[in-house]
Amino acid sequence: MEQVINRVFKRPIAYKKDYNYPFCGGCGHGVVLRLIAEVLEELGVYEKTIATASVGCSINLDKFYNLDIVGADHGRAPCVATGVKRAKPDKIVFTYQGDGDAATIGFNELVHTALRGENITTICVNNTNFGMTGGQASATSILGQITATTRAGRDAKKSGFPIKISEMIAKCDGAAYVARVAIFSPQSIRKAKEAIKKAFEYQIKGLGFSFVEVIAACPTGWKLKPVEALTYIKDEILKVHKLDVFKDVKEGIV
Ligand code: SF4
């Protein structure tokens, strides 16, 4: 009798065949990297994609991806990606960054890249802390959040208010698509994938800078169990960093 195999789950082409999982249990990075890999495959652009990454747990994308990847100094991935895209405009170029990298150390570079309307995509995983270096506060940490540098909780009087990255990037005239999504449930992961796909589609159409902020768990930095971290996203972080599409300029920026 003929055996019919209906394969519903497979390794994305962009993944290396033998990779060592580099993240902590319950970390959101693995999910986001998987979504990007699926999107590149579905859009048929995997072979002409170049990734750039700076510093943070995000740099571990090179453990997964069988793509051309260019490293950058801390926070400078958008500048490097700008150079790559201008030199090779036929390539699909994206930066993969955390909030410590994109919104804290490298926010200046991110803003100016958005203002210039560079036709690249930035995927920013916002876990509201510097995960790689031990869970210090970042610019996006919410008020009251306990981190290695805000032991009594972030206090606006001492550390100011959290940056709302997507709201600020959406104000830049060169940004064509800006959305904040989160990964804490199957439904939210599906929505995150739709936003990531749209961001790459806008780049393929040459519409301008596209930016997706993904709220994701960092159980190690937050000192929470993986399931508790998902609840923390839902009950605390999303009250401050609200999910929305902040900009969608379908006809492009110019
Ligand atoms: S420190 Fe946080 S962001 Fe880094 S791998 Fe661990 S859980 Fe993920």
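These legends go with a set of close-up views of a predicted model.

**View 1. Who sits around the ligand.**
The shell here is made up of Phe23, Cys24, Cys27, His29, Cys57, Asn127, Gly131, Met132, Cys218, Pro219, Thr220 and Gly221. Sorted by class, that gives 7 nonpolar residues, 5 polar ones and no charged ones. If you want to know which element puts the largest share into this shell, look at helix H9 (residues 219-222), with 3 residues.

**View 2. The sheet, strand by strand.**
This is an open sheet of 7 strands with mixed pairing, and the order reads E2-E1-E3-E4-E8-E7-E9. Strand E2 (68-71) and strand E9 (244-248) are the edge strands, each pairing on one side only.

**View 3. E3 and its two partners.**
Zoom in on E3 (92-98), where 7 of 7 residues are buried. In a regular strand, side chains alternate between the two faces of the sheet. In E3, Ile92, Phe94, Tyr96 and Gly98 point one way, while Val93, Thr95 and Gln97 point the other way, and all are buried. Strand E1 (residues 49-53) pairs with E3 in the parallel sense over 4 bridges, and Thr52 has Thr95 of E3 as its bridge partner. E3 also pairs with E4, again in the parallel sense, over 5 bridges.

How many bridges join strand E4 (residues 121-126) to strand E8 (residues 209-215)? The two pair in the parallel sense over 6 bridges, and Val125 stands opposite Val214 in E8. E8 is also paired with E7, in the parallel sense and over 7 bridges. In that pairing, Ala179 has Val212 of E8 as its bridge partner. E7 itself is mostly covered, with 8 of its 8 residues buried.

**View 4. Helix H8 lying on the sheet.**
Helix H8 (residues 186-205) packs on the sheet and touches strand E3 (92-98), E4, strand E7 (175-182) and E8. Against the direction of E7, the direction of H8 makes about 165°.

**View 5. Val214 and the nonpolar core.**
Which residues have the most contacts inside the largest nonpolar core? They are Ile196 and Val214, in a core of 71 residues. Setting aside neighbours within four places in sequence, Val214 is in contact with Val32, Ile123, Cys124, Val125, Asn126, Val181, Ala182, Ile183 and Ala192. Val125 from that list is also the residue standing opposite Val214 in E8.

**View 6. Where H3 meets H5.**
Helix H3 (residues 77-87) and helix H5 (residues 107-116) have axes that come within 8 Å and cross at roughly 35°. On the H3 side, the contact is made by Pro78, Cys79 and Thr82; on the H5 side, by Glu109, Leu110 and Thr113. By class, this contact has 3 nonpolar, 2 polar and 1 charged residues.

**View 7. Leu40 in helix H1.**
Leu40 lies in helix H1 (residues 29-42). Is Leu40 buried or exposed? Leu40 counts as buried because there are 25 C-beta neighbours inside 10 Å, and the cut-off for that label is 20 or more. Neighbours within four places in sequence aside, Leu40 is in contact with Ala14, Val45, Tyr46 and Thr49. For a sense of scale, the C-alpha atoms of Leu40 and Gly206 are separated by 16 Å, with the two residues 166 apart along the chain.

Thr128 has a positive phi of about 55° although it is not a glycine. Thr128 is found in the loop between E4 and strand E5 (129-130). Thr128 has 32 other C-beta atoms within 10 Å, so this residue is buried. Lys223, also a residue other than glycine, has a positive phi near 60°. Its place is the loop between H9 and helix H10 (226-240). Why is Lys223 called partly exposed? Lys223 gets that label because it has 13 other C-beta atoms within 10 Å, and a residue counts as exposed at 12 or fewer and as buried at 20 or more.

Conventions. Residues are numbered from 1 along each chain as its sequence is written. This is a predicted model: local features need pLDDT of at least 70, side-chain atom pairs count only at pLDDT 80 or more; totals for chains, interfaces and linings use all residues. A residue is near a molecule or strand if its C-beta atom, placed from the backbone, lies within 6 Å of it. Ala, Val, Leu, Ile, Met, Phe, Trp, Tyr, Cys and Pro count as nonpolar, Asp, Glu, Lys and Arg as charged, and the others, Gly among them, as polar. Axes are lines fitted to C-alpha atoms, for helices over the stretch in contact, and angles run from 0 to 180 degrees between N-to-C directions. Two residues are in contact if their C-beta atoms, placed from the backbone, lie within 7 Å. A nonpolar core is a set of buried Ala, Val, Leu, Ile, Met, Phe, Trp, Tyr and Cys residues joined through C-beta atoms within 7 Å. Two strands pair if DSSP finds at least two bridges between them.
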